[in-house]
Amino acid sequence: MTIQSPKDFWLQTLQKIEPSVQRAMLITWFKDTAILGSEEGKLIVGLPLPMFLDWHLEHYADLTLKIVQEFDPSITQIVYKVDISLQNGDPRVLDLLTLFPAKKQRKLPGKQEVRVAEGLTGKILNPRYSLDSFVVGSSTRLAHAASLAVASQPGGKYNPLFIYGGVGLGKTHLLQGVGNEILKGNPHAVVLYTTSEDFTNQVVEAIRVQKMDKVRQRYRMVDALVIDDVQFLANKERTQEEFFHTFNTLYEERKQIIISADRPPQELDLEDRLISRFERGMIADVSAPDYETRLAILVEKAKEYELFIDLPVLQFIAEHTTRNIRELEGILMQAIAQYELEQRMPTIRSISEIMGKLNKDQYLKEESAGFEKPQKRRPTFQEVIEAVSRYYSVSVQDMIGPKRKHEILLPRQIAMHIGKKYLNLTFVSIGEIFSGRDHTTVMNALDKIEERMQVDYQLLREVHAIETELGVA
Ligand code: ADP
Ligand code: MG
């Protein structure tokens with residue numbers, strides 16, 4: 001057998017392997033591999049590290065042979081050979097990152113608002129939040145079971161459904177999961193998901209334009225009303241009153257109401273009559289998950305993001321992250337960003353570095369007094385630019401300089417975005433820092449990046465990783 005171009009041959013092979021393994025796996029385990037030669041029906045495949053050998057023998061040898069034989073039936077065996085020099089930009093190696101570009105993944109809805117019925121808008125339901133994707137542990141079993149029951153029989157005996165618990169423990173996930181599930185069962189149902197802030201804003205606006213009657217009428221069209229974080233209705237008497245009437249109307253018509261809060265009804269700082277309404281239905285709490293549940297959630301999320309992480313690494317994260325799921329996800333996000341940018345497989349070491357950084361932020365947050373909204377330390381714009389430059393490995397000089405090179409456009413836009421969003425810099429002052437660009441240029445750049453962030457999940461994760469590093473996220 002003679003192989004004309006080992007590189008092309010290997011590429012053909014990998015293209016056929018890809019559909020059977022996930023892209024992340026392909027890039028992890030076939031990076032820096034190459035065909036080193038062939039003799040007497042044996043194809044010699046070079047691997048860059050000894051640890052690859054077992055993995056290939058166990059997972060990919062049969063598949064590789066099968067595919068190789070489709071191209072060249074005379075090959076009867078694959079022989080692996082470890083050659084660490086393959087890691088150093090060896091010309092025989094394929095550039096997998098370019099050859100197998102990341103697909104534009106999961107699109108985020110372009111709009112945050114959605115019209116659920118004539119004149120009625122709510123927040124869009126995130127399809128990722130389903131009752132199926134919610135990992136059930138002892139700390140959430142009741143809340144999950146109640147959610148399922150409500151989803152299968154809205155307006156039934158669990159009305160209202162009231163879910164409470166601390167930050168990042170899955171309340172929003174469950175609420176939206178119920179909403180999604182009701183819509184699955186009945187696509188014509190009018191499911192309105194809103195936060196108590198949005199509800200308040202609507203009431204305030206309706207009062208301003210003297211259209212409260214209209215708003216009230218519209219709410220009657222709702223089949224299921226989902227209101228997140230009702231603790232924020234505290235001290236808003238007029239909104240509470242409107243909510244009380246809406247609640248009663250819907251309740252009497254046997255429409256489902258689903259509510260979340262950060263504490264049980266009797267501890268809410270709301271009118272007694274509202275609290276007693278909340279207590280009529282089903283009350284379930286969510287609390288911090290135990291180790292096994294944390295691990296199960298991590299496995300699930302890693303799968304969702306198509307990231308392969310060794311079990312010991314996941315165990316390490318689960319052992320050291322006890323506060324809430326959002327924290328777990330935060331670490332995972334960072335690991336994903338690191339992996340995608342640097343192709344570094346998460347290791348216990350890299351994860352503990354990430355956790356070290358995050359904990360520092362946490363420490364800073366806990367240091368500051370304020371209970372509900374801990375004051376976040378605000379970085380300087382210089383620090384923002386430096387963080388972005390480190391993250392994308394571009395120089396600060398290039399970022400603020402006049403060049404229009406393609407690879408610095410995005411980092412530049414991201415730095416501007418963070419500066420605007422968290423440091424409240426003006427367009428003019430941002431422009432000045434970036435080589436005296438005028439404010440319309442800055443505005444255009446911000447429009448572009450913000451538009452992209454609506455649909456590009458990967459970009460969103462990268463920006464999030466930088467924000468987390470800066471302690472502003
Ligand atoms: P809350 O509204 O209670 O502050 P969220 O519902 O926003 O918390 O949860 C934070 C993140 O953690 C979300 O991304 C959510 O999907 C995830 N999450 C929380 N609990 C679970 C769980 N039991 N299974 C899977 N994901 C979860
Ligand atoms: Mg929430």
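The accessible surface of the chain, computed by the Shrake-Rupley method with a 1.4 Å probe, comes to about 23,700 Å², and 51% of this area belongs to carbon and sulfur atoms. The C-alpha atoms fill a box of roughly 85 × 55 × 45 Å along the principal axes. Of the 473 residues, 50% count as buried, where buried stands for under 20% relative accessible area, exposed for over 50% and partly exposed for the range in between, with a 1.4 Å probe and protein chains only.

This is a predicted model, in which local features need pLDDT of at least 70 and side-chain atom pairs count only at pLDDT 80 or more, while totals for chains, interfaces and linings use all residues. Residues are numbered from 1 along each chain as its sequence is written, chains are lettered from A and ligands numbered from 1 in the order in which they are written, and side-chain values use heavy atoms, with hydrogens and water left out.

The mean pLDDT, the predictor's confidence in each residue on a scale from 0 to 100, is 87 for the chain, and 93% of the residues reach 70 or more. Over residues 105–111 pLDDT stays under 50, and the model has 19 contacts (heavy atoms within 4.5 Å) for this stretch beyond four places in sequence. Residues 363–375 also have pLDDT under 50 throughout, with 9 contacts beyond four places in sequence. Where pLDDT is low, the predicted coordinates should not be read in detail.

The secondary structure comes to 20 helices and 10 strands, taken as DSSP runs numbered from the N terminus, with helices (H or I) of at least four residues and strands (E) of at least two. Among contacts between residues at least 6 apart in sequence, 73% join residues at least 24 apart.

Around ligand 1 there are 18 residues, of which Val135, Gly168, Thr172, His173 and Glu329 come nearest; a residue is counted here if one of its heavy atoms lies within 4 Å of the ligand. This shell divides into 7 nonpolar, 6 polar and 5 charged residues, where Ala, Val, Leu, Ile, Met, Phe, Trp, Tyr, Cys and Pro count as nonpolar, Asp, Glu, Lys and Arg as charged, and the others, Gly among them, as polar. Helix H6 (171–185), helix H11 (291–304) and helix H13 (325–342) each supply at least two residues of the shell.

| Residue | Distance to an oxygen atom of ligand 1 |
|---|---|
| Glycine 168 | 2.7 Å |
| Leucine 169 | 3.2 Å |
| Glycine 170 | 3.1 Å |

On its own, ligand 1 has 560 Å² of accessible area, and the protein covers 94% of this.

Most residues other than glycine have a negative phi, and most peptide bonds are trans. The peptide bond from asparagine 159 to proline 160, however, is cis, with omega near -5 degrees, and proline 160 is found in the loop between helix H5 (141–152) and strand S6 (161–165). Glutamine 210, in the loop between helix H7 (196–208) and helix H8 (212–219), has a positive phi of about 55 degrees and is exposed at 72% relative accessibility. Arginine 254 has a phi near 60 degrees; this residue lies in the loop between helix H9 (237–252) and strand S9 (256–261) and is exposed, with a relative accessible area of 63%. Within helix H9, threonine 246 is buried at 7% relative accessibility, and, leaving aside neighbours within four places in sequence, threonine 246 is in contact with Phe199, Tyr219 and Leu225.

Note on methods: A polar contact is a pair of N or O atoms within 3.5 Å; within protein, one must be able to donate a hydrogen and the other to accept it, and residues adjacent in sequence count only if both atoms are side-chain atoms.
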